[in-house]
Amino acid sequence: MMTVTEKAAYLKGLVEMAHFEADTDEVKIIKAMVDVIDELALTVADLEDEVASLNELVDELDEDLGEVEEYLYDDECCCDDDCCCDDDCDCCDHDENDYFEVECPACGETICLDESVLDEETIQCPACGETLEFDFDEDEDEE
């Protein structure tokens, strides 16, 4: 497959080899158009080279960032705050008594909370921002 610059050079060669009457308006227009196409092809080739260089740089940065993330977050849970301690999550080493699952009545999102958060009596749902209130009566514990 020919590149854009190769196609522009081929077109320029065809125009030069054609047996046009010299110095007519049509020939001048065709030659001007071929010159513009040639310049555009060179610009496109330069842009393709720059994009390739940028893609290589982005790949290198992505790898470096991955190493930094691995270094920084290696000791922490790999889950998002929203999904930590799901039944499907086998990366956490939490005891079942360490957290409570609460479903947000506004958005239905299941939120995992530890006992210290429940002592605050209200929290903001991380998914929708709705204020959740916790009311623990001692009467419920006795039943």
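Show the whole surface to begin. The accessible surface of the protein comes to about 12000 Å², and 48% of that area belongs to carbon and sulfur atoms. Accessible areas come from the Shrake-Rupley method with a 1.4 Å probe, and for residues only the protein chains shown count as cover. This is a predicted model, where local features need pLDDT of at least 70, side-chain atom pairs count only at pLDDT 80 or more, and totals for chains, interfaces and linings use all residues. Residues are numbered from 1 along each chain as its sequence is written, and side-chain values use heavy atoms, with hydrogens and water left out.

**Stop 1: the overall layout**

Switch to a cartoon view. The protein has four helices and four strands. Helices (H or I, at least four residues) and strands (E, at least two) are DSSP runs, numbered from the N terminus. From the N terminus on, the order is α-α-β-β-α-β-β-α.

Now colour by burial. Of the 143 residues, 15% count as buried. Buried means under 20% relative accessible area, exposed means over 50%, and partly exposed lies in between (1.4 Å probe, protein chains only). Next, consider contacts, meaning heavy atoms within 4.5 Å. Among the contacts with a separation of 6 or more, 22% are between residues 24 or more positions apart.

**Stop 2: the start of the chain**

Select Met-2. Met-2 sits in the segment before α1. Its relative accessible area is 40%, so Met-2 is partly exposed. Leaving out residues up to four places away in sequence, Met-2 touches Lys-7 and Tyr-10.

Move on to Thr-3. Thr-3 also belongs to the segment before α1. Thr-3 is partly exposed, because its relative accessible area is 39%. Thr-3 and Ala-45 are 42 residues apart in sequence, yet their C-alpha atoms are 8.5 Å apart in space.

**Stop 3: a nonpolar patch**

Select Met-2, Tyr-10, Leu-11, Leu-14 and Ile-37. Together they make a nonpolar surface patch of about 440 Å². Patches are made of residues with over 30% relative accessible area and no salt bridge; like charges are joined within 9 Å, and nonpolar side chains (Val, Leu, Ile, Met, Phe, Trp, Tyr) within 5 Å. Which helix gives the most to this patch? Helix α1 (residues 4–17) does, with three residues.

Zoom in on Leu-11, which lies in helix α1. Its relative accessibility is 31%, so Leu-11 counts as partly exposed.

**Stop 4: the helix α2**

Select residues 25–73, helix α2. At 1.5 Å a residue, its 49 residues should span 72 Å. The end C-alpha atoms are 70 Å apart, which agrees. The expected span is 1.5 Å times one less than the number of residues.

Which residues of α2 are buried? They are Val-27, Val-34, Asp-38 and Ala-41. Their cover includes α1.

**Stop 5: the salt bridges**

Side chains of opposite charge can pair when their charged atoms come close. A salt bridge is a side-chain nitrogen of Lys or Arg within 4 Å of a carboxyl oxygen of Asp or Glu. How many salt bridges does the structure hold? There are two.

Select Lys-12 and Asp-35. They form a salt bridge, with the closest N and O atoms 4.0 Å apart. Lys-12 lies in helix α1 and Asp-35 in helix α2, so this pair ties together parts that are 23 residues apart in sequence. Lys-12 is partly exposed, with a relative accessible area of 28%. Asp-35 is partly exposed too, at 36%.

Asp-38 forms a salt bridge with Lys-12, and the closest N and O atoms are 3.9 Å apart. Asp-38 is in helix α2 and Lys-12 in helix α1, so the pair ties together parts that are 26 residues apart in sequence. Shared partners join Lys-12, Asp-35 and Asp-38 into one network of salt bridges.

**Stop 6**

Select Phe-100, found in strand β1 (residues 100–103). Phe-100 counts as partly exposed because its relative accessibility is 36%. Phe-100 and Glu-115 are 15 residues apart in sequence and 7.4 Å apart in space, C-alpha to C-alpha.

Next, select Val-102, Cys-104, Ile-111, Leu-113, Ile-123, Cys-125, Leu-132 and Phe-134. These eight residues make up the largest nonpolar core. A nonpolar core is a set of buried Ala, Val, Leu, Ile, Met, Phe, Trp, Tyr and Cys residues joined through side-chain atoms within 4.5 Å.

Finish on Cys-125. Not counting residues up to four places away in sequence, Cys-125 touches Cys-104, Cys-107, Ile-111, Glu-130 and Leu-132.
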